[in-house]
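Please look over the sequence and the 3D structure shown below before reading on. The briefing that follows takes the chain as a whole and then goes through selected residues by topic.

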Amino acid sequence: MKRTKEDIQLAELLKKGSHQVEENEWFTPRVLNRLPEKRHSTRWMKVMLYAIVLIGVLGCWMWYSNKVQNANVITVRDLLMQTGMICACITVAGVAAFDFIKSE
């Protein structure tokens with residue numbers, strides 16, 4: 001079988017795009033070319049998202065506690081709001097913990 005100019009160019013292109021051999025007897029070029037690409041970590045994005053959510057939750061608690069301190073009566077609406085905020089905090093904390101445990 002005769003190699004054409006296009007075959008040679010394709011071979012050169014594939015060779016440039018493949019992993020280069022390092023000094024390790026176990027990792028041959030064939031093994032290196034079968035390795036998956038490195039995944040880029042998005043852990044910093046998750047940390048930033050959870051930090052923003054945490055700041056928002058703390059802001060809600062501060063606003064709510066300031067509102068309740070200025071009131072003379074605690075209503076059913078206040079209790080429902082507080083229950084909802086507690087459930088939201090537990091949910092956010094659980095999702096964050098599960099996500100970090102799963103990623104390890």
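The chain exposes about 9,900 Å², and carbon and sulfur atoms supply 65% of that area. The model is a predicted one, and in it buried residues make up 7% of the 104 residues in the chain. Four helices and zero strands are found in the chain, so that, read from the N terminus on, its elements run α-α-α-α. Of the contacts in the chain with a separation of 6 or more, 44% are between residues 24 or more positions apart.

**The salt bridge**

- A search of the whole structure finds one salt bridge, and the side chains that meet in it are those of Asp-99 and Lys-46, at 3.5 Å from N to O.
- Because Asp-99 lies in helix α4 and Lys-46 in helix α3, which covers residues 43-70, this pair ties together parts that are 53 residues apart in sequence.
- The C-alpha atoms of Lys-46 and Asp-99, which are 53 residues apart along the chain, are separated by 8.9 Å.
- The side chains of Lys-46 and Asp-99 are also joined by a polar contact of 3.5 Å.
- The two partners can be described by their accessibility as well: Asp-99 is buried, with a relative accessible area of 13%, whereas Lys-46 is partly exposed, with a relative accessible area of 28%.

- When its neighbours within four places in sequence are left aside, Asp-99 is in contact with Lys-46 and Tyr-50.
- With Tyr-50, the contact includes a polar one, since a distance of 3.4 Å is given for the polar contact that joins the side chains of Asp-99 and Tyr-50.

- Not counting residues up to four places away in sequence, Asp-78 touches Tyr-64, Lys-67 and Val-73.
- Val-68 is found in helix α3 and is partly exposed, with a relative accessible area of 25%.
- Val-68 and Asp-78 are 10 residues apart along the chain, and their C-alpha atoms are separated by 8.0 Å.

**Cysteines**

- The count of disulfides comes to zero.
- For Cys-60, the closest cysteine sulfur is the one in Cys-89, and because the sulfur of Cys-60 is 8.4 Å from it, the two are too far apart for a bond; a disulfide would need the pair of sulfur atoms to be within 2.5 Å.
- Cys-87 is likewise in no disulfide, and the nearest cysteine sulfur, that of Cys-89, is 9.3 Å away.
- Cys-60 is partly exposed, with a relative accessible area of 41%, and Cys-87, at 44% relative accessibility, also counts as partly exposed.

**A nonpolar surface patch**

- Leu-10, Leu-13 and Leu-14 make a nonpolar surface patch of about 320 Å².
- Among these residues, Leu-13 has its place in helix α1, which covers residues 5-17.
- Leu-13 is exposed, with a relative accessible area of 58%, and this classification follows because the value is over the 50% that an exposed residue must exceed.

**Points to keep in view**

Notes: Residues numbered from 1 in each chain as written. Predicted model: local features only at pLDDT ≥ 70, side-chain atom pairs only at ≥ 80, totals over all residues. Heavy atoms only, no water. Polar contact = N/O pair within 3.5 Å; in protein donor to acceptor, adjacent residues only side chain to side chain. Contact = heavy atoms within 4.5 Å. Patch = residues over 30% accessible without salt bridge, like charges linked within 9 Å, V, L, I, M, F, W, Y side chains within 5 Å. Areas by Shrake-Rupley, 256 points an atom, 1.4 Å probe, with all protein chains shown as cover. Salt bridge = Lys/Arg side-chain N within 4 Å of Asp/Glu carboxyl O. Helix = DSSP H or I, 4+ residues; strand = E, 2+ residues; numbered from the N terminus. Buried < 20%, exposed > 50% of the residue type's maximum accessible area, 1.4 Å probe, protein only.
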